[in-house]
Amino acid sequence: MAWARLASRCRLRRAAAAASAVGRGPRAPPAPPPLPQAGHAALAEPPLRRVLRLPQLHSAAAASSAPHARLRGDRWQRLGPARRWLASDASAAPAGEAAELVEVPLAQTGEGIAECELLRWFVAEGDQVDEFQPLCEVQSDKATIEITSRFKGKVHQIHFGPGDIVKVGETLLKMIVGDSQIVSPDSIFPSADKSLGVESAVPSSEGNVPSGTLSTPAVRHLAKQYGLNINEIVGTGKDGRVLKEDVLNYAVNKGLCEEQSSSLEENIGQVELPEEKKSLSDMHLYEDKKILLRGYQRAMVKSMSLAAKVPHFHYLEEINCDSLVQLKTRFQNENKDNTIKHTFLPFLIKSLSMALSKYPMLNSSFIEETNEVVLKGSHNIGIAMATAHGLVVPNIKKVQSLSILEITKELVRLHEMASHNRLSTADIEGGTITLSNIGAIGGKFGSPLLNLPEVAIIALGRIQKLPRFDDDENVYSSSIINVTVGADHRVVDGAMVARFCNEWKGLVEKPELLLLHMR
């Protein structure tokens, strides 16, 4: 009965509203649009159908007809907030996407790498950068790496200069990413798929670059050396750019350095000091200098500090290389490839690999925490190379599967990459034993330290002609090389190293035996 009375009241109200509209004439404002027919049918259904409230019913009806929704929206916008939402939603237009100021940090370049040295930049401030374009080159303790761009945009600001040490996670540079060159203030919020952090910026008066202190990485590095905040320095260059002179003048005003006259700089080599009667240039020759160790030198500090804690022992042996010298000479005479030069080292590497197959304990690594020895399946023999950038030890992978010619070519490649500081992490990591060819420089003996976690390292002296006695005590000349094996006494003992050296010595002195083990 209650539902019947409710339906009757609704019909009476509609009839009264229609009569009132007829009485007022055509100037009366239009009534709200009637409910859809589905609403009338719902009133006559059982009570279980009455759970849909009136505002939801209006929304559902509006969604069923787009033109009707716009008309209702124009009218409902004056009637209440519940209907204003529908009008706003229907009339919203997608806004143009503003550019973002994106920070490009130094990512993790390898396991255990906490910082890198910045070697050089491939881009400058204001350059347009494409996706995957190289940005800069950095050097870690293990390798030289190129940092590429993840985005397409414009370089806004470079934070570090060549020679600076950058920690993992620090911002290398900032880029303007997006179709527009105007950075929206809303870009202060980080983008989950673009950067680790985004800095807010306000468009400049030109409307194309964000505001900030303009300066080159070298000038910022100079300010950092004096401990100055470059944002506090007033620039005298174009567009307020901070120049080197601005930094020096600011440092003089702060009392951090003394001002030098131009005449003194021009005649610095001829100015006589009144007491010592020496020129200023001569005085600089006796000054102490501090040099920061970087790159491979920093890696050597770490590795040798660890190696000094390991109990070493050294075993010295000499090997007759007469047959090896003759074999190498024949190979070189028959060589028709001008890009390949045969040396003794590939023969020594291949024979070493064959000896390791019989004594795998010397091709292992030691896990001190668990007292376990890992016998390595691959013979990744490292070759210590002295370069202008420091000592580096790349390794030849899986020597047991390579021919002597393939080892020769890989040696040439690694030496070329090392001399140009282009070795990759894969070239350096994964070594199982190391050869140090000190004889290439001129030494006879060496006492090498372990390249942890390896358990053995071998130093090779130079091959030299020495007098020796035969079985009849006759003197003859022989080509002799001295080898010194350094080993981890926690893993191997002297007897094992002696037997290993005898095996290796036999293969070097009779290189034809290599053919018996070739695959």
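# Reading strands, a helix and confidence

Me: What span should the 16 residues of helix α15 (residues 494-509) have, and how far apart are its end C-alpha atoms?
Reply: At 1.5 Å a residue, helix α15 should span 22 Å, and its end C-alpha atoms are 22 Å apart, which agrees. The expected span of a helix is 1.5 Å times one less than its number of residues. Helices (H or I, at least four residues) and strands (E, at least two) are DSSP runs, numbered from the N terminus.

Me: What ground rules apply here?
Reply: This is a predicted model: local features need pLDDT of at least 70, side-chain atom pairs count only at pLDDT 80 or more, and totals for chains, interfaces and linings use all residues. Residues are numbered from 1 along each chain as its sequence is written, and side-chain values use heavy atoms, with hydrogens and water left out.

Me: Which residues of α15 are buried?
Reply: Buried means under 20% relative accessible area, exposed over 50%, and partly exposed in between (1.4 Å probe, protein chains only). In α15, the buried residues are Val497, Ala498, Phe500, Cys501, Trp504, Leu507 and Val508.

Me: How many residues of strand β19 (residues 475-488) are buried?
Reply: The count is 11 of 14, so β19 is largely enclosed by the rest of the structure.

Me: Which sense of pairing do β9 and β19 show?
Reply: Strands of a sheet pair through backbone hydrogen bonds, either parallel or antiparallel. Two strands count as paired if DSSP finds at least two bridges between them. Strand β9 (residues 312-320) pairs with β19 in the antiparallel sense, over nine bridges. Leu316 has Thr484 of β19 as its bridge partner. Strand β17 (residues 456-460) is also antiparallel to β19, with five bridges. There, Ala459 stands opposite Thr484.

Me: What do β18 and β19 form?
Reply: They form a hairpin, with five residues between the strands. Glu473 in the turn has a positive phi of about 65°. Strand β18 (residues 464-469) and β19 are antiparallel over six bridges. Phe469 has Val475 as its bridge partner in β19.

Me: What is the strand order in the open sheet of four strands?
Reply: Read it as β5-β4-β2-β7, with antiparallel pairing. The edge strands, β5 (144-148) and β7 (165-167), each pair on one side only. On average, neighbouring strands of this sheet are turned by 40° against each other, direction ignored. Such axes are lines fitted to C-alpha atoms (for helices, over the stretch in contact), and angles run from 0 to 180 degrees between N-to-C directions.

Me: How many bridges join β2 to β4?
Reply: Four bridges join β2 (residues 115-121) to β4 (residues 134-139), and the strands run antiparallel. Leu118 has Val138 in β4 as its partner. β4 and β5 pair over five bridges, again in the antiparallel sense. Gln139 stands opposite Thr144 in β5. β4 and β5 form a hairpin with four residues between them.

Me: Is Glu117 buried or exposed?
Reply: Glu117, found in strand β2, counts as buried because its relative accessibility is 12%. Contact means heavy atoms within 4.5 Å. Leaving aside neighbours within four places in sequence, Glu117 is in contact with residues including Glu137, Asp164 and Arg294.

Me: What is the mean pLDDT of the protein chain?
Reply: pLDDT is the predictor's confidence in each residue, from 0 to 100. The chain mean is 74, and 69% of its residues reach 70 or more. Over residues 21-30 the pLDDT is below 50, and this stretch has zero contacts in the model beyond near neighbours in sequence. Residues 181-211 also have pLDDT below 50, but that stretch has 64 contacts beyond near neighbours in sequence.
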